[in-house]
Amino acid sequence: MASTSASRSDGVSSRIRRAASNLNSDNQLLDIRKALNLMKDIAVDLERDNQSDMVKQLENAVAELVEAHENCLHYSSAIHSVAEAYRPGPELTDFKKLLDTEFEKVKAGSSSHPQNHPLMHQFQQTVWNVHHAGQPMPGEEQEDIIMTSTESSIKNLKCPLTGKHITELTEPVRSMDCKHIYEKNAILIYIKSHHNNAKCPESACPKMVHAKRVICDPLLLVEIEEQRTLSRQTARTDVVEDFTEMEPHDEDST
């Protein structure tokens with residue numbers, strides 16, 4: 001009897017994991033970047049024509065799209081968690097309640113908010129640059145722009161295993177549990193070498209890492225690309241500052 005129950009549990013857990021895997025694949029195929037790029041192009045044209053009300057409507061639509069996409073990711077993570085934790089009991093399992101509870105837990109644990117999301121910031125920055133190129137947006141210094149656009153979603157800038165900056169990773173993946181980013185091949189070898197009982201290699205992180213829960217989620221590549229863009233912008237700013245510092249010396253020499 002016990003073996004039958006265990007077999008049924010494994011069968012249900014396996015089906016849930018397959019559903020989570022399929023949902024995650026669908027989320028990756030649901031690339032919202034194309035839609036957002038189109039919306040940015042339209043917003044730029046409207047901003048040039050000073051149609052601020054229409055731009056605001058588009059901004060609200062972007063926020064709704066980002067929130068919906070984030071919810072898809074939260075549901076995917078919730079299904080994975082339910083599959084890992086599921087154990088059959090004497091009564092019928094209320095999977096809807098389990099998923100809803102886990103979804104709320106995952107959502108509450110996320111520091112991301114549509115208005116502070118990197119994709120939202122990209123949209124706002126693009127519109128702002130129409131009339132204010134090179135200037136920080138109201139209330140933001142250059143350092144603030146870098147922090148607010150990446151702080152909530154990128155927790156480490158270097159892979160703790162390879163030492164490479166995340167913008168240099170060949171196949172970046174992120175833990176669904178602790179959100180740290182690694183080189184895919186390196187983290188999988190690391191997990192295997194610890195006999196699938198590995199703690200996150202990032203210093204001071206207490207979370208465990210599992211091969212099935214380190215993925216290239218749909219927004220990771222977007223966030224890394226934004227980090228790459230911001231790095232280039234910072235480099236250009238440093239060059240301008242260095243050149244400016246040289247100018248008084250040139251004047252003195254004349």
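**Entry 1: the sheet.** I looked up the pairing of β1 and β5 in this predicted model, and I found the two strands antiparallel, joined over 2 bridges. For one residue I traced the partner: Arg174 is bridged to Ile215, which lies in β5. I then noted how α7 is placed: this helix packs on the sheet and touches β1, β2 and β5. The direction of α7 makes about 90 degrees with that of β2.

**Entry 2: strand order.** I next asked in what order the strands of the sheet stand. I read the order as β2-β1-β5, in an open sheet of 3 strands with antiparallel pairing. Because β2 and β5 (214–215) each have a single partner strand, they stand at the edges, and one side of each is left without a neighbour in the sheet.

**Entry 3: backbone angles.** I recalled that most residues other than glycine have a negative phi. I then recorded two residues with a positive value.

I found Lys179 in the loop between β1 (172–175) and β2 (181–183). Its phi is near 75 degrees.

I placed His195 in the loop between α7 (184–193) and β3 (198–199). The phi of His195 is near 55 degrees, again a positive value in a residue other than glycine. I listed His195 as exposed, because its relative accessibility is 68%, and exposed requires over 50%.

Key
Residues numbered from 1 in each chain as written. Predicted model: local features only at pLDDT ≥ 70, side-chain atom pairs only at ≥ 80, totals over all residues. Heavy atoms only, no water. Helix = DSSP H or I, 4+ residues; strand = E, 2+ residues; numbered from the N terminus. Buried < 20%, exposed > 50% of the residue type's maximum accessible area, 1.4 Å probe, protein only. Pairing = 2+ DSSP bridges. Contact = heavy atoms within 4.5 Å. Axes fitted to C-alpha atoms, helices over the stretch in contact; angles between N-to-C directions.
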